[in-house]
Amino acid sequence: MAKVLSRDVGEFYQHYPRLATIVTCQARGKDNAMACAWHTALSRTPPLFGVAISPKRFTCELIPEAREFGVNFIPFDEAAISAAMGGSSGRDGDKMGHFRIAREKPAKTQVPILEEAYAAYECKLVDRMTCGDHEWFVGEIVAVHLKEGLLNDKGVLDLKKVLPALYLGADFYATVAPETVKYLERPRL
């Protein structure tokens, strides 16, 4: 297949799919949540995780006030939660209440933990910087929520037990086929 060179990034979906997450926070006396596809682990020691959020988003205002945020990983059969949280603003009302998003009690913060998430991080804000048209929030993970029995004997997510939601861009979601998983031993020099 031939490659096409473009001098314009276009819709900027070339780096997708991305794991669908819901970033949550609690500030001004209310819970808030937003869909977030731009995120990554940054460090093991200390355990740091980063999320990129547009200043247009209400969550971008709330995280600096709260000084903490949650990252909730959603299974494919609950991808509609991601679409709902990405399609409306907390400025307009209580999204989590309107869409009847069930929450669990956090362990070390005030951030909402979504009941349907197969895993979630509670993060304390440790850094913030502007990166182009987004704000990059770095949090230290202070608690991890994980539904029991979802990891294999190597500590990796078992795709026979949970299928993560992958965001493809432009409101499309997918997941992975468990039969495509293969272990590849790293070759050495």
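Visitor: Where is Leu 146 found?
Guide: Leu 146 sits in strand β10, which covers residues 134-146. Keep in mind that this is a predicted model.

Visitor: Is Leu 146 buried, exposed or partly exposed, and why?
Guide: Leu 146 counts as partly exposed, because its relative accessibility is 43%.

Visitor: Which residues make the nonpolar surface patch?
Guide: Val 144, Leu 146 and Leu 151 make a nonpolar surface patch of about 260 Å².

Visitor: Now the inside. Which residues of the largest nonpolar core touch the most other members?
Guide: That core has 24 residues, and the ones touching the most other members are Val 23, Val 51, Ile 53, Ile 63, Phe 69 and Phe 137.

Visitor: Which elements give two or more residues to this core?
Guide: They are β2 (21-27), β3 (30-36), β5 (48-53), α1 (58-66), β6 (68-73), β9 (119-131) and β10. The largest share, 5 residues, comes from α1.

Visitor: What does Val 51 touch?
Guide: Leaving out residues up to four places away in sequence, Val 51 touches Val 23, Cys 36, Trp 38, His 39, Phe 69, Val 71, Glu 135, Trp 136 and Phe 137.

Visitor: And what does the second core include?
Guide: The second core is separate and has 10 residues, among them Ile 22, Met 85, Met 96 and Ala 117.

Visitor: Met 85 is in a helix, I think. Which residues of α2 are buried?
Guide: Helix α2 spans residues 79-86, and its buried residues include Ala 79, Ile 81, Ser 82, Ala 84 and Met 85.

Visitor: What covers them?
Guide: The cover for the buried residues of α2 includes β2, β3, α3 (95-98), β8 (113-114) and β12 (172-174).

Visitor: Changing topic: how many aromatic pairs are there?
Guide: The structure holds 8 aromatic pairs. In one of them, the ring centres of Phe 12 and Trp 38 are 5.8 Å apart and the planes stand at 90 degrees, so this pair is edge-to-face.

Visitor: Which parts does that pair tie together?
Guide: Phe 12 lies in the segment before β1 (18-19), and Trp 38 lies in the loop between β3 and β4 (39-43), so the pair ties together parts 26 residues apart in sequence.

Visitor: What about Tyr 13 and Tyr 16?
Guide: Tyr 13 and Tyr 16 form an edge-to-face aromatic pair, with 5.4 Å centre to centre and 85 degrees between the planes. Tyr 13 counts as partly exposed at 31% relative accessibility, whereas Tyr 16 counts as buried at 14%.

Visitor: Which residues form the aromatic cluster?
Guide: Tyr 13, Tyr 16, Tyr 167 and Tyr 173 form one aromatic cluster.

Visitor: On to charges. How many salt bridges are there?
Guide: A search of the whole structure finds 6 salt bridges. Arg 28 forms one with Glu 61, where the closest N and O atoms are 3.4 Å apart.

Visitor: Where do those two lie?
Guide: Arg 28 is in the loop between β2 and β3 and Glu 61 is in helix α1, so this pair ties together parts 33 residues apart in sequence. Arg 28 is partly exposed at 49% relative accessibility, and Glu 61 is partly exposed at 30%.

Visitor: How far apart are the closest N and O atoms of Arg 28 and Glu 65?
Guide: They are 2.5 Å apart, and the two residues form a salt bridge. This pair also links distant parts of the chain, with Arg 28 in the loop between β2 and β3 and Glu 65 in helix α1, 37 residues apart. At 44% relative accessibility, Glu 65 counts as partly exposed.

Visitor: Last one. Which residues do the salt bridges with shared partners join into a network?
Guide: Arg 28, Glu 61, Glu 65 and Arg 91 are joined into one network.

Note on methods. Residues are numbered from 1 along each chain as its sequence is written. This is a predicted model: local features need pLDDT of at least 70, side-chain atom pairs count only at pLDDT 80 or more; totals for chains, interfaces and linings use all residues. Side-chain values use heavy atoms; hydrogens and water are left out. Patches are made of residues with over 30% relative accessible area and no salt bridge: like charges are joined within 9 Å, nonpolar side chains (Val, Leu, Ile, Met, Phe, Trp, Tyr) within 5 Å. Accessible areas come from the Shrake-Rupley method with a 1.4 Å probe; for residues, only the protein chains shown count as cover. A salt bridge is a side-chain nitrogen of Lys or Arg within 4 Å of a carboxyl oxygen of Asp or Glu. Helices (H or I, at least four residues) and strands (E, at least two) are DSSP runs, numbered from the N terminus. Buried means under 20% relative accessible area, exposed over 50%, partly exposed in between (1.4 Å probe, protein chains only). A nonpolar core is a set of buried Ala, Val, Leu, Ile, Met, Phe, Trp, Tyr and Cys residues joined through side-chain atoms within 4.5 Å. Contact means heavy atoms within 4.5 Å. Rings of Phe, Tyr and Trp (its six-membered ring) pair if their centres lie within 6.5 Å; planes under 30 degrees apart count as stacked, over 60 as edge-to-face and the rest as tilted.
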